[in-house]
Amino acid sequence: MKQSFLMVVLSFCVFSQYTFSQETVATPEKYTSHNKGKFFIFWGGNRESFSRSDIRFQGENYDFTLYDVPAHDKPKGWNIDYVNPGRMTIPQTNLRIGYFFSDHYSIAIGVDHMKYVMFNNVRSNYSGYYPNAGTYGELPTSNELTLTEDFLLFEHTDGLNYIHTELSRVDDLSKFIGLPNTDKFQINVTEGFGAGILLPKTNTTLLGKERYDEFHLAGYGLSAKAGLNFTFFKHFFIQAEVKGGYINMNDIRTTNNTADKASQDFWFFQRIIAVGGIFRI
């Protein structure tokens, strides 16, 4: 009787182990279940909006400020340049390379290549002084003038380069909407914060002076973002984001004379569409 009882217990244990083993093989853990240890790369394009800003111009014989200056971006539209290796830096673009140090959090370095163009041929309030007033077609009064191109052309078009580090969180939404296999298709929500430097190449013609056409460390930026990530077949994704932030540039080179500079601060808002890949090395 005792031997029969032992045989039954042993048989049950063997059967249970076999069944558990079969279930484990039948439902292996999905690649998309964990992000820790994965790298990703992200490339896309954006549209931008900017708040109005006060811009101060200083030099050896001038010091004036323009108030509430409007600006716009310089979109390329749907263009082959986004994937042309020789021209990829010409459109408004976003590059990001990052690493997941946990399942939900990643750290990344990125470059947002924005383009900032001051509106010309509009009236602007101003204060201060500059030489040869009235000779640039700007029609100055005691506190107002027209922003003609002969008076001032002011663009960060190569570009308004925000080089930053970003901390982000990612959460899988797939289980909430009933997606059966995240290794085939997964939807994630992401949000994050960033900080970095501004390294613009500013295209400025100011009071007939020769422009300074080099990259120059001009200031700093802060940003926050939120977006949706659509991952296909474990390794490829499309990501849509909105991103906003603050830029402060207190040392903008405007001419070849090192005494000439400008300063401004403003808010920006981006709408981004990007493609990318995620993988383990």
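Predicted model: local features only at pLDDT ≥ 70, side-chain atom pairs only at ≥ 80, totals over all residues.

Q: Why is the contact between aspartate 112 and lysine 243 called a salt bridge?
A: A salt bridge requires a side-chain nitrogen of Lys or Arg within 4 Å of a carboxyl oxygen of Asp or Glu. The N to O distance between the side chains of aspartate 112 and lysine 243 is 2.7 Å, so the pair meets this criterion. By this rule the count comes to 12 salt bridges.

Q: What makes the pair of aspartate 112 and lysine 243 a tie between parts that are apart in sequence?
A: Aspartate 112 belongs to strand E6 and lysine 243 to strand E13; the pair therefore ties together parts 131 residues apart in sequence.

Q: How do you know whether aspartate 112 and lysine 243 are buried or exposed?
A: Buried means under 20% relative accessible area. Aspartate 112 has a value of 0% and lysine 243 has 1%, so both count as buried.

Q: What makes lysine 225 and glutamate 241 a salt bridge, and where do the two residues lie?
A: The closest N and O atoms of lysine 225 and glutamate 241 are 3.3 Å apart, and the limit is 4 Å, so the pair qualifies as a salt bridge. Lysine 225 is in strand E12 and glutamate 241 in strand E13, 16 residues apart. With relative accessibility of 8% for lysine 225 and 4% for glutamate 241, each is under 20% and therefore buried.

Q: Why are glutamate 144 and arginine 123 called partly exposed?
A: The term covers values between the buried limit of 20% and the exposed limit of 50%. Glutamate 144 has 28% relative accessibility and arginine 123 has 36%, so both fall in that range. Their side chains meet in a salt bridge, with an N to O distance of 3.4 Å. This pair links strand E8, which holds glutamate 144, to strand E7, which holds arginine 123, across 21 residues.

Q: How do you know that glutamate 48 has no salt bridge?
A: The nearest side chain of opposite charge, that of arginine 47, is 7.1 Å away. The criterion is within 4 Å, so no salt bridge is assigned to glutamate 48, although the residue is buried. Glutamate 48 is found in strand E1. A polar atom of its side chain lies 3.0 Å from the backbone nitrogen of lysine 115; the limit for a polar contact is 3.5 Å.

Q: Why is arginine 96 called buried?
A: Arginine 96, in strand E5, has a relative accessible area of 3%, which is under 20%, so the term applies.

Q: What is the volume of the largest pocket, and which residues are closest to its centre?
A: The volume is about 540 Å³. Of the 32 lining residues, the closest to the centre are Asn35, Asp103, Val170, Gln186 and Asn188.

Q: Which element gives the most to the lining of the largest pocket, and how do the lining residues divide?
A: Strand E9 gives the most, with five residues. The lining comprises eight nonpolar, 15 polar and nine charged residues.

Key:
Residues numbered from 1 in each chain as written. Heavy atoms only, no water. 1 Å grid on protein atoms, 1.4 Å probe; cavity = no way out; pocket = protein on both sides within 12 Å on 5 of 7 lines; lining within 4 Å. Points joined across faces, edges and corners; volume = space filled by probe spheres on them. Helix = DSSP H or I, 4+ residues; strand = E, 2+ residues; numbered from the N terminus. Nonpolar A, V, L, I, M, F, W, Y, C, P; charged D, E, K, R; others polar. Buried < 20%, exposed > 50% of the residue type's maximum accessible area, 1.4 Å probe, protein only. Lys, Arg positive; Asp, Glu negative; His and termini not counted. Polar contact = N/O pair within 3.5 Å; in protein donor to acceptor, adjacent residues only side chain to side chain.
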